[in-house]
Amino acid sequence: MLKLAIVKITSCSGCINEILSALLEDDIRANYTLVYFTELVDSIEFREADLAFVEGSVTTRHQEEALKDLRKRVGFIVATGTCALMGGVQSLRAMGDFKPESRGLPLKQESSEIYREPKPLDQVVKVDYALPGCPINADAVKTFLRKYYLGGLPIAIYETVCSECKRRGLPCVLVTKGIPCLGPITLSGCGAICPSFGRGCYGCYGLQFHGLNGGKVLSFAERLRELGLPDLDYRALISAYSYAKYRDLLGGSH
Amino acid sequence: MKKLMLEFKKLLGDPVFLGYKRGSTIPVFDEIRSISELPLEISDVQKPGKYEIVEGFRFRHSHSSPKWYLLPPEQVILTISPSYDAIDSGVSEGRRAVLFGVKPCDLKAIAVLDKILLDKHPVYTAKRRGIVGVVVEECMEPGGTCFCASVNSGPIVESGFDVAYARLDKETLLLKPGSDIGRQVLKSMGLERASSEYTELYKQMVGRAIDSMKRKLPDLERAQRALRGLASSQEFWEEISKKCIGCGNCNYVCPTCFCTEFIDRVGENHAERVATWIGCLTYTYGLVAGGHFRKQLYMRYRHYTLHKFLYYPLQTGGLLGCVGCGRCITWCPIGLDLIENLSRVLKVKNVEA
Ligand code: SF4
Ligand code: SF4
Ligand code: SF4
Ligand code: SF4
């Protein structure tokens, strides 16, 4: 039996639901024991785990310290979801007027300890594997858990939503209908759900950043503009889930 | 057209028909169950990054192609039990099938795939060996991104088919046999020999079709020489691929792209090894144990171009990897134009010379 911990930081628990769904499989349950999963198990602390899924991005100093401590106690860390990989939707705050103290909500921490720009996990600790998605896909979790137990890992595929869209034989919404679609610059994994319903991809699996640079993203943005998206909309669209990568490629100015 | 189908059916013992099938949106390559499923009353309008179906009678092709049948996007090539016993090798007999209404460029693409995969790839080989008849629709009006004439793949066919037909207008078909089966089919259809009026018209229309292709490669051999000369110019390839975002659409729609990646799917009671289309423009391509041999996107774009025009001929005994169908131009979300780029190759070389 491998010891499994499910850890959540700033995120919506959508990925956790997908993990739950994977844990309903008999063969997976037989091989893993849950040592930490606040949604399911009554344990506030755990000492060690072989494997941990960490959902969410790092938004406070406290989280950052907790993660560094976690790293010492866990053998293998899976960054789970686009938040953990690229910041997630909560990163949109970095582009606006960020004032945590003005919302009228009681703060648990000093506002100076709350990060304006949420950090992806790998900015804080060493990450062993990444599962993109908002949320991730339960099938990817199942595959991962089965292969990990057998002593292997799924091979990492770095391709775009277009790849899945084309393999499904879907008619491209961008080329046939002029609908702005982020598929060409978005990581695969969802199975091209949005185009299969005739709408454009929103980029929830995060920016497929390999081989891209600022100029290429801008030339794609130019294409979206041709299709009728105003300046601000295309920037918000491209950076919505992947702010951290977007900033790496284009800078944070807005 | 109906008669043609019926005769093939009679002669070849009830094969399935495979062709571009009209669906609710865009025709895709699939099984044709009745004549009403053929895209006879529509045309496609194709431009870089743009595709539309309108009323008409000149359907050329879509993102789909015979590759979808012969080398499908996902091929399960092995299924094993939890104790690693083989349950299924994934290869079954190919169905007896007639390709119906495929285009000259499609036929050429199959000839290219044959050279690379036939008797080597079990799934392709089984399906390919099941093809017992070929009916080609010649193109009297090429599509908006077609350039087959420049690469010697169309718009008409000379060999490798049983029957070819050309639609001189919406109602008039001119048929020609290309094999004994074809001659037999046409004979039992009781057709008259076409008068010279029609054959002259046909010749004129073919000439016009060739002239009307906007994209032209003036001289293929010169282009190949120029490509060879530019192969190691990083600056040139970076410039030419500046807008490419590596989405891979060009690979998947190309009727001759054949690369796959093996993906193992582990289930509760069995595991499958699935050969899955992978594009050389995507980052995974070139990623191997120990590193990556085409890390930059311009290197992958260069590989795509050089493979089509320089390396395929080495693999196929002379056939180019590009059949001029223009799909990669139409279905590129940015609308990058391969032929425009190749013309630039020639210009750069001219300037230097
Ligand atoms: S619909 Fe979107 S994801 Fe699909 S091929 Fe077109 S651009 Fe890519
Ligand atoms: S379809 Fe266009 S943008 Fe996408 S990889 Fe091919 S050339 Fe590049
Ligand atoms: S490279 Fe482009 S034009 Fe040539 S065969 Fe492939 S898809 Fe068609
Ligand atoms: S490339 Fe040539 S053969 Fe193919 S559809 Fe266009 S005109 Fe016809």
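**Figure 1. The lining of the largest pocket comprises 25 nonpolar, seven polar and 15 charged residues.** In these classes, Ala, Val, Leu, Ile, Met, Phe, Trp, Tyr, Cys and Pro are nonpolar, Asp, Glu, Lys and Arg are charged, and the others, Gly among them, are polar. The model is predicted, so that local features need pLDDT of at least 70 and side-chain atom pairs count only at pLDDT 80 or more, whereas totals for chains, interfaces and linings use all residues. Residues are numbered from 1 along each chain as its sequence is written, chains are lettered from A and ligands numbered from 1 in the order in which they are written, and side-chain values use heavy atoms, with hydrogens and water left out. The volume of the largest pocket is about 1400 Å³. Among its 47 lining residues, those closest to the centre are A:A140, A:I155, A:I157, A:S188 and A:G189. Two or more lining residues come from each of α4 (81-86), β7 (129-131), α5 (138-149) and α6 of chain A, and from each of β11 (260-266) and β12 (271-277) of chain B. The largest share is that of α5(A), with seven residues. A pocket is an open set of points on a 1 Å grid over the protein atoms alone, with protein on both sides within 12 Å along at least five of seven lines; a lining residue has an atom within 4 Å of a point. Helices (H or I, at least four residues) and strands (E, at least two) are DSSP runs, numbered from the N terminus.

**Figure 2. Ligand 1 lies between chains A and B.**

**Figure 3. The largest cavity holds about 160 Å³ of space.** Of its 17 lining residues, B:C250, B:Y301, B:C328, B:C332 and B:L336 are the closest to the centre. Helices α9 (249-253) and α10 (297-316) of chain B are the elements that give two or more residues to this lining. The lining of the largest cavity has 13 nonpolar, three polar and one charged residue. Cavities of 30 Å³ or more number ten. A cavity is a set of grid points where a 1.4 Å probe fits but cannot get out; points are joined across faces, edges and corners, and a volume is the space filled by probe spheres set on them.

**Figure 4. An open sheet of six strands in chain B has the order β2-β1-β7-β8-β9-β10, with mixed pairing.** At its edges, β2 (28-32) and β10 (173-177) of chain B each pair on one side only. From one strand to the next, the twist averages 20°. Helix α5 (residues 180-188) of chain B packs on this sheet and touches β8, β9 and β10 of chain B; its direction makes about 135° with that of β10(B). Four bridges join β8 (residues 131-138) to β9 (residues 163-167) of chain B in the parallel sense, and B:E137 has B:Y165 in β9(B) as its bridge partner. Strands pair if DSSP finds at least two bridges between them; contact means heavy atoms within 4.5 Å; axes are lines fitted to C-alpha atoms, for helices over the stretch in contact, and angles run from 0 to 180 degrees between N-to-C directions.

**Figure 5. Four strands of chain B form an open sheet with antiparallel pairing, in the order β6-β5-β12-β11.** The edge strands, β6 (86-88) and β11 of chain B, each pair on one side only. The twist averages 30° from one strand to the next. Strand β5 (residues 74-80) of chain B runs antiparallel to β12(B), joined by six bridges; B:T276 in β12(B) is the bridge partner of B:E74.

**Figure 6. A cis peptide bond links A:C134 to A:P135, with omega near 0°.** A:P135 belongs to the loop between β7 and α5 of chain A. In chain B, the bond joining B:G154 and B:P155 is also cis, with omega about 5°, and B:P155 lies in the loop between β8 and β9. A:A192, a residue other than glycine, has a positive phi near 60° and is found in the loop between α7 (173-177) and α8 (193-196) of chain A.

How values were computed: A residue is near a molecule or strand if one of its heavy atoms lies within 4 Å of it.
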